[in-house]
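This report describes a single protein chain for a reader who has its sequence and its structure at hand. Please look over both before reading on.

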Amino acid sequence: MDAVPTYLSLKEENISHTIIPLIIISFVLMTIAKFLNSSIFKSLLKLLFATKNFDQIIREEIKIGSISSVILITNYFFTASSCIFLSLYTSIDLTISQLFVFSLLLPFGLLILQSVSFWIIGLMSNEVRLLTHPINETFVIVELSGILLFLVSLIWVLNPFYSSILFQIFIGLTFFGYLYRTLKTFYCVLQRGAPWYYIILYLCTLEILPLVVIYYYIVSNFIK
């Protein structure tokens, strides 16, 4: 007969209960987007590598404001939030609920910051119409990233022992998407005649600086 324990210990909280609903919602969203536009994934891949015919594909195959596109943008928030949560829950000094809210708000805030930044530079340079292209490029990267991060978060929550590898994959995908989008949009905007010094201003003050500030704020206040 097993001995009765002399004390009760707290059961370790299973974070999969927090993340799995987000992954399920993500799968449902991608299924709906595919149902509404059967070629949406193919069109996004074409947009990823398109330069001269980018605007034509946007008009004919996948409008950024379409329901299917908006659904995939929403999907990005869920998958990115899942990866952020899984990356930080062991090292950040927040409760599970606080970290969950933080993980949801961070990708949303960064996307808003990037979009608004383009409009600010457009107003300063009187090139608002020209800078709609970088905004569209941003959303294309976001939609594709949401699909890839769905796979990362699904594997992550099912295989927590590979957390370090999956964390590196998450950071690598995020960095590559950010770098690719930046280089491609700058090239396209310069080809269309935008002043290069406005691009430098945008890069230094509205892209790099906010990310640096956010990074140091999180490290200084939350990381254990």
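## Basis of the report

The model is predicted, so that local features need pLDDT of at least 70 and side-chain atom pairs count only at pLDDT 80 or more, whereas totals for chains, interfaces and linings use all residues. Residues are numbered from 1 along each chain as its sequence is written, and side-chain values use heavy atoms, with hydrogens and water left out.

## The chain as a whole

The protein chain has eight helices and zero strands. Its elements, taken from the N terminus on, follow the order α-α-α-α-α-α-α-α. Helices (H or I, at least four residues) and strands (E, at least two) are DSSP runs, numbered from the N terminus.

The protein chain has 224 residues, and 42% of them count as buried. Buried means under 20% relative accessible area, exposed means over 50%, and partly exposed lies in between, with a 1.4 Å probe and protein chains only. The accessible surface of the chain is about 13400 Å², and 70% of this belongs to carbon and sulfur atoms. Such areas come from the Shrake-Rupley method with a 1.4 Å probe; for residues, only the protein chains shown count as cover.

Contacts can also be sorted by distance along the sequence. Of the contacts between residues at least 6 apart in sequence, 74% join residues at least 24 apart. Contact means heavy atoms within 4.5 Å.

## A nonpolar patch on the surface

Eight side chains can be located here by name: Ile20, Ile24, Phe27, Val28, Ile32, Phe35, Leu36 and Ile67 form a nonpolar patch on the surface, and together they have about 810 Å² of accessible area. Patches are made of residues with over 30% relative accessible area and no salt bridge; like charges are joined within 9 Å, and nonpolar side chains (Val, Leu, Ile, Met, Phe, Trp, Tyr) within 5 Å.

Helix α1 (residues 16-36) gives the most to this patch, with seven residues. Isoleucine 67, also a member of the patch, lies in helix α4 (residues 67-88). Isoleucine 67 counts as exposed because its relative accessibility is 60%.

## The crossing of α1 and α6

The axes of α1 and helix α6 (residues 132-158) come within 10 Å and cross at roughly 145°. Axes are lines fitted to C-alpha atoms, for helices over the stretch in contact, and angles run from 0 to 180 degrees between N-to-C directions. The crossing of α1 past α6 is left-handed. A crossing has this hand if the near helix is turned anticlockwise from the far one by less than a right angle, and is right-handed if clockwise.

Which residues make the contact? On α1 they are Ser16, Ile19, Ile20, Ile23, Ser26, Phe27 and Met30, and on α6 they are Ile147, Phe150, Ser153, Leu154 and Val157.

Isoleucine 84 is in helix α4 and counts as buried because its relative accessibility is 10%. Leaving aside residues up to four places away in sequence, isoleucine 84 touches Ser103, Leu106, Pro107 and Phe170. Isoleucine 84 and proline 107 are 23 residues apart in sequence, and their C-alpha atoms are 8.8 Å apart.

Serine 103 belongs to helix α5 (residues 96-125). With 1% relative accessibility, serine 103 counts as buried. With the exclusion of residues up to four places away in sequence, serine 103 touches Ser81, Ile84 and Phe85.

How many salt bridges does the structure hold? It holds one, formed by lysine 184 and glutamate 137, whose closest N and O atoms are 3.3 Å apart. Lysine 184 lies in helix α7 (residues 163-191) and glutamate 137 in helix α6, so the pair ties together parts that are 47 residues apart in sequence. A salt bridge is a side-chain nitrogen of Lys or Arg within 4 Å of a carboxyl oxygen of Asp or Glu. Both lysine 184 and glutamate 137 are buried.

Cysteine 188 is also found in helix α7, and it counts as buried because its relative accessibility is 5%. The C-alpha atoms of cysteine 188 and proline 134 are separated by 8.3 Å, although the two residues are 54 residues apart along the chain. Tyrosine 187 is another residue of helix α7, and at 48% relative accessibility tyrosine 187 counts as partly exposed.
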